[in-house]
Amino acid sequence: MPHHSATIRWSNDAPEQFAQGRYARAHDWVFDGGQTVRASSSTGVVRPPLSDPFGVDPEEALIAAVSSCHMLWFLDLVRRAGHGVASYEDAAEGALEKCADGRVRITRVTLRPRIAWAGDAPDAAALGELHHQAHENCFIANSITAEVVVEPR
């Protein structure tokens, strides 16, 4: 099986304030292909300027990873079924909740794909089955405990 990696880079720009919790949470994610993405803690957890509102936070990244993985499997399955897709857009979101054990976690990921078909679209039952199979095959969905729900738009 393939191995995947990412390098996370952060540096302390205010060492004198670190012990008081007043340090920047912004950092970089560097991926094996050379792409660098600015990341930060969520501004809902740590307020700016200590968080960078333009950075991708880990929660957003998890939601995007689930959505992207589902889409990639869906497109392959649709292609194999003989359908064409012109575009695919997903307004995905995740629910962050404090659970009975006191831990905060993403408990639900809702995918809301909007698909423009190139040619004939599958019927509702076939479309549902394609989404089901995409979910079953998605490596990311198989790696998390959050419920993943698909609500096609």
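Glu151 counts as partly exposed, at 32% relative accessibility; buried here means under 20% relative accessible area, exposed over 50%, and partly exposed in between, with a 1.4 Å probe and protein chains only. I begin with this residue and its salt bridges, and then turn to the strands and the chain as a whole.

A word on the basis of these values. This is a predicted model, in which local features need pLDDT of at least 70 and side-chain atom pairs count only at pLDDT 80 or more, while totals for chains, interfaces and linings use all residues. Residues are numbered from 1 along each chain as its sequence is written, and side-chain values use heavy atoms, with hydrogens and water left out.

Which residues form salt bridges with Glu151? One partner is Arg108, with a distance of 4.0 Å from N to O. A salt bridge is defined as a side-chain nitrogen of Lys or Arg within 4 Å of a carboxyl oxygen of Asp or Glu. Arg108 lies in strand E6 and Glu151 in the segment after E8, so this pair ties together parts that are 43 residues apart in sequence. Helices (H or I, at least four residues) and strands (E, at least two) are DSSP runs, numbered from the N terminus. Arg108 is partly exposed, at 30% relative accessibility.

Another partner is Arg112, whose closest N and O atoms with Glu151 are 3.2 Å apart. This pair also links distant parts of the chain, with Arg112 in the loop between E6 and strand E7 (113–117) and Glu151 in the segment after E8, 39 residues apart. Arg112 counts as partly exposed, at 21% relative accessibility. Through shared partners, salt bridges join Glu93, Arg108, Arg112, Glu147 and Glu151 into one network.

Arg80 is exposed, with a relative accessible area of 57%.

I turn now to the sheet that contains E6. Three strands form an open sheet in the order E5-E6-E8, with mixed pairing; two strands pair if DSSP finds at least two bridges between them. At the edges are strand E5 (93–98) and strand E8 (147–150), each of which pairs on one side only. Neighbouring strands of this sheet are turned by 20 degrees against each other on average, direction ignored. The axes are lines fitted to C-alpha atoms, for helices over the stretch in contact, and angles run from 0 to 180 degrees between N-to-C directions.

E5 and E6 (residues 104–111) are antiparallel and share 6 bridges. Within that pairing, Leu96 has Ile106 of E6 as its bridge partner. Helix H1 (residues 58–80) lies across E5, E6 and E8, and runs at about 35 degrees to E6.

Strand E1 (residues 6–9) runs antiparallel to strand E2 (residues 27–31), and 4 bridges join them. Ala6 has Phe31 of E2 as its bridge partner. E2 also pairs with strand E3 (residues 36–39), again in the antiparallel sense and over 4 bridges. In that pairing, Thr36 of E3 is the partner of Val30. The hairpin of E2 and E3 has 4 residues between the strands, and Gly34 there takes a positive phi near 100 degrees.

Where is the cis peptide bond? It runs from Pro48 to Pro49, with omega near 10 degrees. Pro49 is placed in the loop between E3 and H1.

Finally, the chain as a whole. It has 2 helices and 8 strands, and from the N terminus on the elements run β-β-β-α-β-β-β-β-α-β. The radius of gyration is 19 Å, well over the 15 Å that the globule rule gives for 153 residues, so the protein chain is more spread out than a compact globule. That radius is taken over C-alpha atoms, and the rule is 2.2 Å times the number of residues to the power 0.38. Along the principal axes, the C-alpha atoms fill a box of roughly 60 × 40 × 30 Å. Of the 153 residues, 29% count as buried.

Technical notes: Contact = heavy atoms within 4.5 Å.
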